[in-house]
Amino acid sequence: MKIESLPLSAEQPPKPPKPSAPRRRAKVIALTLLAVALAGAGTYALTHRASAPAQAAPAPAAATEPVHELSPRDIARVAARPLAVTLPVTGSLTPLSQATVKSKVSGVVLSTAVQEGMDVKAGQVLAQLDPAEARARVAQQQAMLADAQARLALAKKNLANSASLLKQNFIAQNAYDTSANAVDLAQAAVDSARAQLDLARIALADTTIHAPLPGVVSKRHAQAGEKLSPDSPVFSIVDLKHLTLDAQVPASDIPRIRVGQDVQFRVDGFDGRTFSGKVARINPATETGSRAMIVYVDVANPDGLLRAGMFAKGTIVTEKSAPHPLLPLGAVRQDKGRDVVYRVDNGKVVAQPVTLGLRNPDEGVVEALDGVDAGMTVLAVPLDGIKPGSKVKLPDAKG
């Protein structure tokens, strides 16, 4: 079998011959030199950029200081006024003058002229008792006085006759002395009868019951037609023009209280109205079981709005100063052992040293004796991030 070799296709190009070993080695060396050259150029560029002067780099933008915007609660406008230190007290109101009107004589009540809640004046008629029995006693005593006066007149005549007979020695001295003694006894009887008549007239006058003091009738104990005996209560009257506030104060606070101190208090039901009074007396003994002492406060009540038995809450002004600028307690800070406040001046915070005086923790204020003037604006509370030199913006007028 004859094998013939077919010719190569024209479409398939002949394969290039493989390069020889020396040529491949030269090509590798050329590529290596090119890589070394590129690396040297990069190193030169980086070194040249680092060594360039700093002025060539662009300057960064300057940082602006922040402005803190304040709210109305963060600031306080300093005002000057007197400052008072107070002591809280509670107690009830009692009338300074009150009386229970009683009947001095026995009798039947004919009429009563007033009722509970009515105003009365001193000497005003409150009730009328039956005066018939009292009038009869007056007539009886008048008759007894007349009898005694007649006996006295007869005794004086007998004494005159005895004196004339004694001068003529018709009677003995003993008889004259007896006549003189009879005159003395008759005079004593007249005096006694006159006193009994005065008592009867007083009893007759007591059948009309009068008000012993001005005030308001708080209770009526008797009605018309009732039979009263001596010392039976008829009316109770209280004087509401002058009241006393019986305030309980702990014994430890008594040294702070003095007679004449001002007292401010409120009573429920008067829409926040404040009433005033003055310390009048201090009880020298403590109340049993409470270790508190009673302070009596004199309260003027000219309009009669306050009533007996009302419960009052108030304060006693124990100390009071002259007008000074007042600062909130939260505005005072400590800086190197001294008291300072942060005031706002032309949009910046400034540390202002101050000298403090009287404090009132209840109101939350302290007076500034030096360093602060009225009208100054200060930071009322500590704020994070705000210190002396910080820029701030105050709230507008509406805020």
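What follows is a short chat about a predicted model.

Biologist: Before we start, what goes into the values?
Modeller: It's a predicted model, so to speak of local features we need pLDDT of at least 70, side-chain atom pairs count only at pLDDT 80 or more, and totals for chains, interfaces and linings use all residues. Residues are numbered from 1 along each chain as its sequence is written, and side-chain values use heavy atoms, with hydrogens and water left out.

Biologist: OK, how many residues does helix α2 have, and how far does it reach?
Modeller: Helix α2 covers residues 132-167, 36 residues, and spans 53 Å from first C-alpha to last, close to the 52 Å expected. That expectation is 1.5 Å times one less than the number of residues. Helices here are DSSP runs of H or I, at least four residues, and strands are E runs of at least two, numbered from the N terminus.

Biologist: Which residues of α2 are buried?
Modeller: A134, V138, Q141, L145, A148, L152, A155, L159 and S162. Buried means under 20% relative accessible area, exposed is over 50%, and partly exposed is in between (1.4 Å probe, protein chains only).

Biologist: And what covers them?
Modeller: The cover includes α3 (173-205), where contact means heavy atoms within 4.5 Å.

Biologist: What about A163 in α2, what's its relative accessible area?
Modeller: A163 comes out at 24%, so it counts as partly exposed.

Biologist: Switching to strands: in what order do the four strands of the open sheet run?
Modeller: β8-β7-β5-β10, with antiparallel pairing. The edges are β8 (208-210) and β10 (227-228), each pairing on one side only. Two strands pair if DSSP finds at least two bridges between them; β5 (107-112) and β10 have two, and G107 sits opposite L228.

Biologist: And what pairs with β15?
Modeller: β4 (84-103) pairs with β15 (311-320) over nine antiparallel bridges, with V89 partnered by G314. Strand β12 (262-267) pairs with β15 too, antiparallel over five bridges, and there Q264 faces T315.

Biologist: Last one: which residues touch the most other members of the largest nonpolar core?
Modeller: L245, I257, F265, V295 and L306, out of 25 residues. Such a core is a set of buried Ala, Val, Leu, Ile, Met, Phe, Trp, Tyr and Cys residues joined through side-chain atoms within 4.5 Å. Strand β11 (232-250) gives the largest share, six residues.

Biologist: What does I257 touch?
Modeller: L87, V249, V279, I282, V295 and I316, leaving out residues up to four places away in sequence. There's also a second, separate core of 17 residues, including V114 and L126.
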